Amino acid sequence: MIKRVVLFVIDSVGIGELPDAIDFGDLGANTLGNIAKDQEGIHLPNLKKLGLGNIDGIKGVDPVSAPLGAFGKSLEVSQGKDTTTGHWEIAGLHLSKPFKTYPDGFPKEVMDLFESKIGRKSLANKPASGTVIIDELGEEHFKTGYPIVYTSADSVFQIAAHEDVIPLEELYTMCKIAREIMMGDHAVARIIARPFIGTPGNFTRTSNRRDFSLNPPQETVLDIAKKHELDVIGVGKIEDIFNGQGITEAIHTKDNMEGIEETINYLHKNNKGIIFTNLVDFDSKYGHRRDAKGYKQALEEMDSRLPDIMNAMKKEDILIITADHGNDPTYKGTDHTREYIPIVIYGPSIKNNVNIGTRKTFADIAATISDVLNIPNTGKGTSFKNMII
Ligand SMILES: O=P(O)(O)O[C@H]1O[C@H](CO)[C@@H](O)[C@H]1O
Ligand SMILES: [Mn+2]
Ligand SMILES: [Mn+2]
């Protein structure tokens, strides 16, 4: 009997364009495959042992003859390529309507209301890369004290401010004000606080980033597990992505390695249910920054910690490693890419060398979690429990 599922989202590690990638302007994107190509190889011995290289059509990682785990990939049903859409689908929701995006910036009535409520004007109001926009407008921000408001191809309203110019608590209050405004017609998926420190030319963003999400519109597998008195532990930004819904305990982490460390700590504890970890550095520090070398190194670093994760697992645990969308660091622009996600499953009671094939929705993960934990499912997705146990 499975008592615990450890679900790792390697944020943005897609494995190749989806059939509808053209509609998203992402033809040819392949986060893992193109990193391996660009960097002339990638060393992921532990993920390989589990079966990462055996996934149908995967590029950049060689297959092994007898993988220890089960492996496959999945299509995304929801029409989006952002973190929220991806995680919600993994947790058993399909979004029928994509979240609203703002390629021309936010409408005047929104910005007027926002500025009047925060008592300051604002800068930018356009799509941008977060590191570029603070370099561009940081000095003006210092002079005026106005926060920098920007968006991207994702459904986000991001507020950047220097921690000495706008204290963190005030920045978070501004986010809450924006959250109240951006509902209904303007229900943007996330309001994000993007604090930074340093001097012009040397600004760095801090780990005091905070995301203010929407509530998932329906029950997720997390809500169902919580209702059945299981533990649902969110590590990293999981709590933010679900706006706390369905989470019984959460810890925020400053980077990937701390995320892995905290997950191992939870594995050693006596809990049952779901440990759900998001490792965001792949996306925020390397994917959006188009840093293929950094991305490769971060993947190799994660891979090197895999044996510690596996050793911390108990007999009734299963590990699922997956992703939420792509973010090919060799691709044009700085945005996410519409891709297949990998699914690798391991556990003392999981069959070796099973190909779960190409799943039709990320929600198959939620359906399988429900099935193995013996709780109701969300009605979306198909369980592959029978293939792996
Ligand atoms: O360029 P930065 O500020 O890292 O922003 C990126 O991070 C946001 C949220 O994950 C995305 O929407 C993307 O725009
Ligand atoms: Mn993401
Ligand atoms: Mn991102």
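How many nonpolar, polar and charged residues make up the shell around ligand 1?

1. **The overall layout.** Welcome to this structure, which is a predicted model. The chain is divided into domain 1, made of residues 4-95 and 217-388, and domain 2, residues 108-213. Their C-alpha centres lie 29 Å apart. Where the two domains meet, the contact takes 12 residues from domain 1 and 12 residues from domain 2. On the domain 1 side of that contact, the residues divide into 1 nonpolar, 5 polar and 6 charged.

2. **The shell around ligand 1.** By class, this shell has 2 nonpolar, 7 polar and 2 charged residues. To find them in the model, look for T83, S129, G130, S152, D154, V156, Q158, I192, R194, S284 and H288. Two elements each give two or more residues to the shell, namely β5 (156-162) and β6 (190-197). Both domains take part, with at least three residues drawn from each of domain 1 and domain 2.

3. **A annotated stretch.** An unreviewed UniProt entry places the feature "domain: Metalloenzyme" at residues 3-375. Over residues 3-375 the chain is 34% helix and 20% strand. The end C-alpha atoms of this stretch are 11 Å apart.

4. For "binding site", the unreviewed UniProt entry lists D283, H288 and H336. They span 54 residues in sequence, yet no two of their C-alpha atoms are more than 8.4 Å apart, so they gather at one spot. H288 also belongs to the residues around ligand 1.

5. D283 sits in helix α10 (residues 281-287) and is buried, with 26 other C-beta atoms within 10 Å. Leaving aside neighbours within four places in sequence, D283 is in contact with D11, S12, H288 and N327. H336, by contrast, is found in the loop between β12 (317-322) and β13 (341-346). H336 counts as buried too, because it has 31 C-beta neighbours inside 10 Å, where 20 or more are needed. Not counting residues up to four places away in sequence, H336 touches S12, K81, D82, A153, D154, H325, G326 and N327.

6. D11 lies in the loop between β1 (4-10) and α1 (31-38), and it is buried, with 25 other C-beta atoms within 10 Å. H325 is found in the loop between β12 and β13. With 32 C-beta neighbours inside 10 Å, H325 counts as buried.

7. In soluble globular proteins, nonpolar side chains tend to be buried together. Here the largest nonpolar core has 83 residues, and those with the most contacts inside it are V5, I10, I274, I320, V344 and I345. Helix α11 (residues 292-312) gives the most to this core, with 8 residues. Apart from it lies another core, of 32 residues, among them A124, Y150, L171 and A189.

8. **A pair of histidines.** H162 is found in strand β5 and counts as buried, with 21 C-beta neighbours inside 10 Å. H162 and H141 are 21 residues apart along the chain, and their C-alpha atoms are separated by 8.0 Å. Leaving aside neighbours within four places in sequence, H162 is in contact with H141, F142, F196 and I197.

Terms used: Residues are numbered from 1 along each chain as its sequence is written. Chains are lettered from A and ligands numbered from 1 in the order in which they are written. This is a predicted model: local features need pLDDT of at least 70, side-chain atom pairs count only at pLDDT 80 or more; totals for chains, interfaces and linings use all residues. A residue is near a molecule or strand if its C-beta atom, placed from the backbone, lies within 6 Å of it. Helices (H or I, at least four residues) and strands (E, at least two) are DSSP runs, numbered from the N terminus. Ala, Val, Leu, Ile, Met, Phe, Trp, Tyr, Cys and Pro count as nonpolar, Asp, Glu, Lys and Arg as charged, and the others, Gly among them, as polar. Domain bounds come from an automatic or database domain assignment. A nonpolar core is a set of buried Ala, Val, Leu, Ile, Met, Phe, Trp, Tyr and Cys residues joined through C-beta atoms within 7 Å. A residue is buried if 20 or more other C-beta atoms lie within 10 Å of its own, exposed if 12 or fewer, and partly exposed in between; C-beta atoms are placed from the backbone. UniProt positions are given in the numbering used here, feature names are shortened, and annotations may be inferred rather than shown by experiment. Two residues are in contact if their C-beta atoms, placed from the backbone, lie within 7 Å.
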